[in-house]
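Trainee: I have not seen this structure before. Please walk me through it.

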Amino acid sequence: LPICQEFGNMSQLEFLGLSATQLQKSSVQSITRLHISKVLLVLGDTYGEREDAESLQDLKTQSLHVVFPTGKEFHFNLDVSVSTTVSLELSNIKCVLDDNGCSYFENVLSKLQKNSRLSNLTLNNIEITWNSFITILQLV
């Protein structure tokens, strides 16, 4: 990222896969008017140092898959409650130090209540304590 403006002219685009080390709202501005069926976002190892939590809010996609950096403790504030998303998949969630270690992830999930269209949530490769898992189930 940033996404070049030419992507904004691809009105028939159905799938968009991106890799990013930094995500800013201005980076995705050129594609916010498109209706993309599925967006895959793979975040690099340095992601999280200068993120814009609401950078995905203007996306119009039915399916969003976010792959967080592998092996990195979950300390991200990314708001994935995209209002048009029906299916959300989150991969590589690691917060195992203690029961309070998942507060960032729980915060991300609590924002999903804003999206009344969301009907599918998939969590892949998740490493958390049992108490955090119960809290997450209660949030969902």
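Mentor: Start with T129, which sits in the loop between β5 (120-128) and α2. Helices (H or I, at least four residues) and strands (E, at least two) are DSSP runs, numbered from the N terminus. This is a predicted model: local features need pLDDT of at least 70, side-chain atom pairs count only at pLDDT 80 or more, and totals for chains, interfaces and linings use all residues. Residues are numbered from 1 along each chain as its sequence is written, and side-chain values use heavy atoms, with hydrogens and water left out.

Trainee: Is T129 buried or exposed?
Mentor: Buried means under 20% relative accessible area, exposed over 50%, and partly exposed in between (1.4 Å probe, protein chains only). T129 has a relative accessible area of 17%, so T129 is buried.

Trainee: With which side chain does the side chain of T129 make a polar contact?
Mentor: A polar contact is a pair of N or O atoms within 3.5 Å; within protein, one must be able to donate a hydrogen and the other to accept it, and residues adjacent in sequence count only if both atoms are side-chain atoms. At 3.0 Å, the partner of the T129 side chain is the side chain of S132.

Trainee: Where is I134 found, and is I134 buried, exposed or partly exposed?
Mentor: I134 belongs to helix α2 (residues 130-139). Its relative accessible area is 31%, so I134 counts as partly exposed.

Trainee: Which cysteines does the disulfide join?
Mentor: A disulfide is a pair of cysteine sulfur atoms within 2.5 Å. A search of the whole structure finds one. The S to S distance is 2.0 Å, and the disulfide joins C95 to C102.

Trainee: Why is the disulfide of C95 and C102 called right-handed?
Mentor: Look at the torsion about the S-S bond of C95 and C102. The disulfide is right-handed because that torsion is about 70°.

Trainee: Which residues do ring pairs link into a cluster?
Mentor: Rings of Phe, Tyr and Trp (its six-membered ring) pair if their centres lie within 6.5 Å; planes under 30 degrees apart count as stacked, over 60 as edge-to-face and the rest as tilted. The structure holds three aromatic pairs. Among them, F68 and F74 are edge-to-face, at 4.9 Å centre to centre and 70° between the planes, and F74 and F105 are edge-to-face too, at 5.2 Å and 75°. The cluster is F68, F74 and F105.

Trainee: How many residues apart in sequence are the parts that the pair of F74 and F105 ties together?
Mentor: F74 lies in the loop between β3 (61-67) and β4 (87-95). F105 lies in helix α1 (residues 103-110), so the parts are apart by 31 residues.
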